[in-house]
Amino acid sequence: METSLKSIEAKLSKLLALQTEVLNVESLIQITGWSKGFIYKLTSKNAIPYYKPQGKTIYFKKSEIEE
């Protein structure tokens, strides 16, 4: 029962991430399947576009990632 509930929560979380235009790292992980370390590596090399409006938290535009 607990396993199926966690599975449902994961699927709902992924669906929510797919519907938003602005993604955080956790949402990007769910959409792409990339690891957190890989995402940070891509951002440090400027291989993917990202935004840091407050200077700490990283955000991504879904449309830019899809390109």
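Mentor: Let us start with Lys62, which counts as buried because its relative accessibility is 14%, where buried means under 20% relative accessible area, exposed over 50%, and partly exposed in between, with a 1.4 Å probe and protein chains only. Before going further, keep in mind that this is a predicted model, in which local features need pLDDT of at least 70, side-chain atom pairs count only at pLDDT 80 or more, and totals for chains, interfaces and linings use all residues. Residues are numbered from 1 along each chain as its sequence is written, and side-chain values use heavy atoms, with hydrogens and water left out.

Lys62 forms a salt bridge with Glu66, and the closest N and O atoms of this pair are 4.0 Å apart; the term stands for a side-chain nitrogen of Lys or Arg within 4 Å of a carboxyl oxygen of Asp or Glu. Both Lys62 and Glu66 belong to helix H4 (residues 62–66), where they are 4 residues apart, about one turn of the helix; helices (H or I, at least four residues) and strands (E, at least two) are DSSP runs, numbered from the N terminus. Whereas Lys62 is buried at 14%, Glu66 is exposed, with a relative accessibility of 59%.

A search of the whole structure finds 2 salt bridges, and Glu26 with Lys36 forms one of them, with the closest N and O atoms 3.1 Å apart. Because Glu26 lies in helix H2 (residues 25–32) and Lys36 in helix H3, this pair ties together parts that are 10 residues apart in sequence. Glu26 is partly exposed at 41% relative accessibility, and Lys36 is also partly exposed, at 40%.

The loop between H2 and H3 contains Gly33, an exposed residue with a relative accessible area of 61%.

As for confidence, the mean pLDDT of the protein is 87, and 94% of its residues reach 70 or more, pLDDT being the predictor's confidence in each residue, from 0 to 100. Among the elements of the protein, helix H3 (residues 36–44), with a mean of 97, has the highest value, while H1 has the lowest, at 75.
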